Amino acid sequence: MSMGEVLSHKKYGEHYHSLTIVAPEIGEKVKPGQFVNIRCGAGRSNIIRRPFSVFRVHKRGGWASTIEIVFDVQGPGTEYLSHLRGHASVDLLGPLGRGFALPKRRAHCLLVGGGIGAAPLFFLADELRNEGHRVDVILGARSTGLLLNQIDARRVSSICRITTEDGSAGDTGRVTDILVETMEKCETEVIYSCGPHPMLEAVSEIAVERKIPIQVAVEELMGCGYGVCMTCVMPLRKAPPKSSKSGDEDLIHYARSCTEGPVFNGGQVIWDGATGPLEAVQAELAPAGVAVGQHGLEDPPDEHPPPGN
Amino acid sequence: MTTPPPSLAVELGGLTLKSPILVASGTFGAGREGSAFVDLSKLGGIIVKSMTLVPWKGKAPPRMCETPSGMLNAIGIQNKGIDHFLSDDLPWLLKKDATVFASIAGNTVEEFVKVADKLRTGGRGIAAVEVNISCPNLEDKNNMFSHSEESTAAVVNAVKKSLPRVPLFPKLSPNVTSLSAIAGAALEGGADGLSLINTAMGMAIDVESRRPKLAGTTGGLSGPAIRPIAVRAIHEVHTAFPDVPLIGQGGVSDATDVLELMLAGATAVAIGTANFVNPRATFEAAAGLVDYMKRHRMADLQEVIGGVRLEDR
């Protein structure tokens, strides 16, 4: 837990706010995909911290490192943050969560981001390039104004594709419309994705079909951010039970996004479409040939095998 | 010459606690995550997340939403089961020199008893047991045990038979017409003290989608919003049963709140939702209590318990 100081507030496009915060302890330690949990208001009216993935880091020798977060105003918490200006204090908890696992040998990495959700992919792209990996990017949004930071997306990538649903920039449609052709063209070996659930679901499905490792970073509502409140859970498929006595315990594991995530194997997540009544999920999962992602439940993301081995 | 800081020790029934400040069940896990922020051995105790006979996977998300000065939750007691607690968490907690309050839950009296039996045989080192009777009772149309005198007495009585030598603190729900009547039933069932309050039931609806904000439709309200309910509940029960030790909880964030619940009649006070906001809330509240004792030249915290002044009214 630490206090940071706002260095600058700026806007990306029409919608997105950015806060650069002097937070040396966090800046030195944070890894791509990790997040900070921020108090969004003094007093006791809006008490729950809001989680923000780290968009960019500037390390400045351990005494003045900064982190940058981006957000759009969605409620009283982000409204509060949008009014912070230079020198304001920020109460931060972090870095929290398990970030993206980087490939262990040089690989072609495709980063697929939707809307404001693309934020952690920029930090990731910098780290991947520093380690010599090839980075390609697909950035999508409903319209131009909701694309996050097109300029940097182009700067950090070998190939950058843009999609908007209204056709106001790049290809008309969704990121998944051009995903397969981009994967083929870039000879993609691993996919990293962050954005709305339906997008992550569709990207994961395509990746799993083609046996490409897929890591997704989810953004869930959190009570605490450090693993105790059990509110930010994502339903994951468990490996099929070895014993025959299969209660409902055996097939679903509600994993905490804050400590077991926020990066998950996209093939293992039971996406929103499937989380209806439990019985429906059970029925879907019951067949013996259940599709259990690339890795067992116990595999943490940092043991991600190098692609194409 | 500097005087040593005053002792925060309190007597809770037969237990001597290092401090009146506990962490509330479900808000600090079994201590591992929170131990990065606070020294568990300095707490009066840790009331661990409720445990059930077999692992419960919990309810579907969304499980939480923020409300004015608080939050609603419907987690469904996601936990790894009593066996995991006994083999993994308890030895770790005892090694950390933590005072451990086990919290047990179940959907039938029999389930409670089976968990209690396991605590009796494998729970050496536990200081006390909180009985979480805010669970649906499968044998009574899913009404919460804590909402009926009969169910409350039945669970407490059965658990007491299984654990005759461990202090039992049933945790009462504020969602009842007469809290004193339920408290009386718990005491007749064999409770050594009482823990109050559990969350207040609530509901929130998203007007755009017209759906409940929680997948479980209704949930438990916690946070500063419910503190006045806790103060009233503790005052009421302490007035009815002045000799019964009470663990107070409900919306407590800092030393002032701890003292408010103690003045109402609580001997120990658990901090809950505030741990989510500030993982060091218990540590800071303890420092605030020391400061209060110095300012009021107190040698013993015992004098604030039930010390609310009503006679001038």
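Two residues are said to be in contact if their C-beta atoms, placed from the backbone, lie within 7 Å. In chain A of this predicted model, residues 24 or more positions apart account for 69% of the contacts with a separation of 6 or more. Of the 309 residues in chain A, 50% are buried; a residue is buried if 20 or more other C-beta atoms lie within 10 Å of its own.

Chain A contains 7 helices and 16 strands. Helices (H or I, at least four residues) and strands (E, at least two) are DSSP runs, numbered from the N terminus.

## Numbering and confidence

Residues are numbered from 1 along each chain as its sequence is written, while chains are lettered from A and ligands numbered from 1 in the order in which they are written. As the model is predicted, local features need pLDDT of at least 70 and side-chain atom pairs count only at pLDDT 80 or more, whereas totals for chains, interfaces and linings use all residues.

The pLDDT is the predictor's confidence in each residue, from 0 to 100. Its mean over chain A is 86, with 83% of the residues reaching 70 or more. Over residues 275-309 of chain A the pLDDT is below 50, and this stretch has 53 contacts in the model beyond near neighbours in sequence.

## The interface of chains A and B

At the interface, 23 residues of chain A are in contact with 31 residues of chain B. The chain A side comprises 12 nonpolar, 7 polar and 4 charged residues. Here Ala, Val, Leu, Ile, Met, Phe, Trp, Tyr, Cys and Pro count as nonpolar, Asp, Glu, Lys and Arg as charged, and the others, Gly among them, as polar.

## An open sheet in chain B

Chain B has an open sheet of 4 strands in the order S5-S6-S14-S11, with antiparallel pairing; two strands pair if DSSP finds at least two bridges between them. The edge strands, S5 (64-67) and S11 (200-203) of chain B, each pair on one side only.

Strand S5(B) is joined by 4 bridges to strand S6 (residues 70-73) of chain B, and the two run antiparallel. Opposite Cys65(B) stands Leu72(B) in S6(B).

## Two packed helices in chain B

Helix H6 (residues 255-264) and helix H8 (residues 281-295) of chain B pack at an angle of about 70 degrees, with their axes 8 Å apart. Axes are lines fitted to C-alpha atoms, for helices over the stretch in contact, and angles run from 0 to 180 degrees between N-to-C directions. H6(B) is therefore roughly perpendicular to H8(B), a term for angles of 65 to 115 degrees.

In this packing, Ala255(B), Val258(B) and Leu259(B) of H6(B) meet Ala285(B), Gly288(B), Leu289(B) and Tyr292(B) of H8(B). The contact has 6 nonpolar, 1 polar and no charged residues.

Note on methods: Angles under 35 degrees count as roughly parallel, over 145 as roughly antiparallel, 65 to 115 as roughly perpendicular and the rest as oblique. A residue is buried if 20 or more other C-beta atoms lie within 10 Å of its own, exposed if 12 or fewer, and partly exposed in between; C-beta atoms are placed from the backbone.
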